[in-house]
Amino acid sequence: MADKRRSSRPGVNLARRKALKSLATGIGVMALPAPQVSASVWAAFFQKHFRELSRDDLERVLARLEKTCQEEYGRSVTVKATPPLDGVRFGYGLDLSRCIGCRRCVHACVAENNQSRHPQIHWIRVVRLQKDKGIDFDHAEHYYDPPQVPEEGHFYLPVQCQQCDRPACTRACPVQATWVEPDGIVAIDYNWCIGCRYCMAACPYGGRHFNWEKAVIPAGELNPDMHYLGNRPRPVGVVEKCTFCIQRTREQPGRYPACVEACPVGARKFGNLLDPKGEIRQLLEHQRVFVLKQELNTQPKFFYFFAT
Amino acid sequence: MRRRTILILLMTLGTADAAGSGVSSLAPAAGESRFDQSSPLYRSAIAPPDLSEDIFPCSNCHAEIKPDLRRRELRDEHGAIALRHAAGQLWCLDCHHAENRDTLRLATGESLPFTESYRLCGQCHGEKLRDWQSGIHGRRTGHWNGDKQYLLCTGCHNPHDPQFKPLTPMPPPERPGRAVH
């Protein structure tokens with residue numbers, strides 16, 4: 001259980017129940033679980049915020065999640081809560097001169113991160129743009145489906161959570177269910193999220209997705225290596241998004257995110273921004289990088305470039 | 001499996017001295033730690049070339065064939081190889097060693113194992129080679145803070161026809177039926 005230590009927990013004022021209450025007064029009902037539901041549902045309802053859980057509480061929560069998941073999918077799974085690594089701030093690079101829009105990354109991400117197959121949730125969206133128009137989202141197309149890519153006159157731009165240093169989403173959350181971790185990953189406590197979707201409205205990148213219905217994931221395709229803040233199956237009514245594959249990357253040694261490994265053209269780069277020899281710093285130094293919607297000053301840690 | 005066989009073949013031939021230029025072979029030796037935190041440079045390895053079945057060692061045939069330096073249409077063998085590299089300026093023996101067909105050839109005349117073909121490419125594509133070495137061009141897999149594997153240039157570019165080949169895209173997202181995404 002040594003790896004199941006909790007994440008960072010700066011002193012935050014977690015006023016979720018207050019917010020829930022004021023919402024409830026507005027609507028006129030308090031959404032408590034029905035009295036006949038199981039003990040684990042009650043336990044989940046009264047669980048503290050992830051960053052306020054004591055070590056023992058956390059162990060119990062992880063064990064409960066593992067058990068629920070095992071019951072539901074009939075497979076043994078591990079839910080860890082590996083904390084950030086010291087001296088690490090993650091950064092990501094994407095070479096738009098190489099990307100051919102093949103969507104291998106999209107589907108690798110779905111499989112790795114236990115995204116719902118129905119209704120469908122994709123954390124990565126690839127937009128097709130026109131070479132003569134440049135990065136102009138008025139001419140963006142998500143649903144392109146030619147027999148082969150790349151297509152004449154087009155280029156492709158994959159978008160996912162940009163892991164901002166000054167995110168609009170975390171500030172929009174009324175209950176602080178989403179925050180920036182010390183390694184730069186923007187995390188969500190799915191058990192604390194109240195599903196108001198303010199964060200989705202605030203995110204300028206469309207990086208967040210909502211669970212309208214119970215996720216459908218074939219048990220045989222479930223990835224059993226799970227992180228509390230990452231790819232464990234999400235409950236209905238909460239928001240989810242890319243976590244830089246927290247269950248893979250926050251390890252010693254940590255694997256590359258699934259999208260990086262799936263990319264056939266090698267357009268996707270990942271590493272530690274604090275490592276001067278790492279590939280991310282190399283590309284920041286040697287390529288002309290840019291971020292999406294720079295004017296909003298969200299300070300993404302997701303850098304795009306056109307390698308020559 | 002095939003790749004491994006070829007690697008072993010190369011090794012038994014003694015041409016795969018892949019430890020040169022600071023890279024070690026793909027498989028760590030038995031008992032060796034996969035991750036050495038004391039080392040500032042993590043072990044990196046290059047996946048071996050993916051040659052066709054039964055083509056290697058080339059010397060199986062070429063030991064008996066006198067090298068023919070003439071630029072010509074190949075009829076008896078290798079007829080499927082169509083050179084579409086550098087607008088027809090290159091010929092086979094600019095890259096393949098005439099006397100030792102199991103190796104490649106650098107402009108200096110030095111012979112080079114297939115496992116180090118990136119040095120051949122780097123003679124003319126120096127900037128790409130540097131970008132590949134720093135992780136900007138090409139692909140790394142494995143661990144971002146530990147062992148990693150690189151693909152050879154030939155893992156993505158056919159040296160005889162190097163333009164990256166188009167792919168069939170995977171399915172697009174479903175169009176939202178209601179307010180879902």
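Helix α4 of chain A (residues 104-112) has buried residues, namely A:Cys105, A:Val106, A:Cys109, A:Val110 and A:Glu112, and what covers them includes β3 (125-130), α7 (246-249), α8 (258-262) and β10 (268-272) of chain A. Here buried means under 20% relative accessible area, exposed means over 50%, and partly exposed lies in between, with a 1.4 Å probe and protein chains only. Helices (H or I, at least four residues) and strands (E, at least two) are DSSP runs numbered from the N terminus. This is a predicted model, in which local features need pLDDT of at least 70 and side-chain atom pairs count only at pLDDT 80 or more, while totals for chains, interfaces and linings use all residues. Residues are numbered from 1 along each chain as its sequence is written, chains are lettered from A in the order in which they are written, and side-chain values use heavy atoms, with hydrogens and water left out.

**Salt bridges within the chains**

- Over all chains there are 24 salt bridges, each being a side-chain nitrogen of Lys or Arg within 4 Å of a carboxyl oxygen of Asp or Glu.
- A:Asp183 and A:Arg250 form one of them at 2.7 Å, N to O, and this pair links distant parts of the chain, 67 residues apart; both residues are buried.
- B:Arg70 pairs with B:Asp68, with the closest N and O atoms 2.7 Å apart; B:Arg70 counts as exposed because its relative accessibility is 55%, whereas B:Asp68, at 23%, is partly exposed.

**Where chain B meets chain A**

- The contact (heavy atoms within 4.5 Å) takes 36 residues from chain B and 52 residues from chain A.
- Between them the two chains bury about 3900 Å², 54% of it on carbon and sulfur atoms, where buried area is the accessible area (1.4 Å probe) that two parts lose on being put together, summed over both.
- One salt bridge is counted between chain B and chain A, and A:Glu279 forms it with B:Arg140, the closest N and O atoms being 2.9 Å apart.
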